[in-house]
Amino acid sequence: MTSKPRVAIFDFACCEGCQLQLVNLEEELLDLIAVVQPVQWREAMTEHSEDYDIAIIEGSITRAQDEERLKEIRARAKVLIALGACAAMGGVNRLKNNFTMDDVRARVYGKDSAMPHLDTQPTKAVGEVVKVDFAVHGCPITKSEFTSIARCLALGKTPLIPNHPVCVECKMAGNVCRFEYSEICLGPVTRAGCGAKCPSGGFWCYGCRGFVDDPNVNAARDIMAHYGKTVADLRSRMLLYNSQQELANGPDTQY
Ligand code: SF4
Ligand code: SF4
Ligand code: SF4
């Protein structure tokens, strides 16, 4: 990509909160536009072009027609970025995969409702349908991380996505560990990059940035045992953002 990369932003099933973070970049958005050219962004512009280099995908994939649309986008884009937890790992939407789709339909559309045009299927992350080149993690994303990734790509550099646990940032922030308050925190297995936002604000980490690539599962188990908690307690915390995600190989480690 020699000239300014052309960027298109698309949304699938989500709350659009991550796109809102982009809109909220405000003045920094103007700096970004100096190095990339937005050509399609439903939430922020009326112009529309199908000629783009970088596709940014927000939201999870919950219908067959979404899969087809996503594949078409992938075929046009040189680089594809998953924006936020919904896109990167299915996010909160993945909670529904713990139920049958009939139960989900009945809960959302009513027990006797016949609405075939409002179809649904188990939630997939973008990477389960097409190749993802980079993910901007979080629910919502962290603005500074997004701008850093966007600048790297505009300069032809490979962005660095953190692959160490939230605990590292939490310790650097000098927080008292939430386990000391008899809470359960997912910081030991969750990917850093948010600056340990939740523990720094007095809450446990909910795991919104997904697991690190190689989580220290044994250490997490040791922490749970040390504080009198069980693996079932840990699993219950993981349901919100990490339903049916692999934490490590083994029959008792899918959540
Ligand atoms: S990751 Fe969170 S903030 Fe972003 S679109 Fe999904 S639900 Fe909304
Ligand atoms: S509060 Fe959570 S993130 Fe912070 S050190 Fe304790 S377990 Fe790790
Ligand atoms: S502390 Fe955990 S839940 Fe909170 S923003 Fe960071 S990764 Fe997400």
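Predicted model: local features only at pLDDT ≥ 70, side-chain atom pairs only at ≥ 80, totals over all residues.
Where they touch, domain 1 supplies eleven residues and domain 2 supplies nine residues. On the domain 1 side, helix H4, residues 84-89, gives the most, with three residues. That side of domain 1 consists of six nonpolar residues, four polar and one charged.

Now the chain as a whole. Its secondary structure comprises ten helices and five strands. Of the 255 residues, 34% are buried. Taking contacts between residues at least 6 apart in sequence, 71% join residues at least 24 apart.

Next, the ligands. Ligand 2 is surrounded by 14 residues, and the closest are Cys 167, Cys 170, Cys 177, Cys 185 and Gly 187. Which helix gives the largest share of the shell around ligand 2? That is helix H7, residues 166-172, with four residues. By class, the shell of ligand 2 holds ten nonpolar, two polar and two charged residues.

Around ligand 3, the residues include Cys 194, Cys 198, Cys 205 and Cys 208. Gly 138, Val 166, Lys 197 and Arg 209 are also among them. The shell of ligand 3 divides into seven nonpolar, three polar and two charged residues.

Last, some backbone details. Cys 139 and Pro 140 are joined by a cis peptide bond, with omega about 0 degrees. Pro 140 sits in the loop between strand E5, residues 134-136, and helix H6, residues 143-154.

Glu 16 is not a glycine, yet it has a positive phi of about 65 degrees. Its place is the loop between strand E1, residues 6-11, and helix H1, residues 17-23. Glu 16 counts as partly exposed because 16 other C-beta atoms lie within 10 Å.

Ser 182, also not a glycine, has a positive phi of about 65 degrees. Ser 182 is in the loop between H7 and helix H8, residues 197-200. Is Ser 182 buried or exposed? Ser 182 has 9 C-beta neighbours inside 10 Å, so it counts as exposed; the cut-off for exposed is 12 or fewer.

Key
Residues numbered from 1 in each chain as written. Chains lettered and ligands numbered in written order. Helix = DSSP H or I, 4+ residues; strand = E, 2+ residues; numbered from the N terminus. Buried ≥ 20, exposed ≤ 12 C-beta atoms within 10 Å, placed from the backbone. Contact = placed C-beta atoms within 7 Å. Near = placed C-beta within 6 Å. Nonpolar A, V, L, I, M, F, W, Y, C, P; charged D, E, K, R; others polar.
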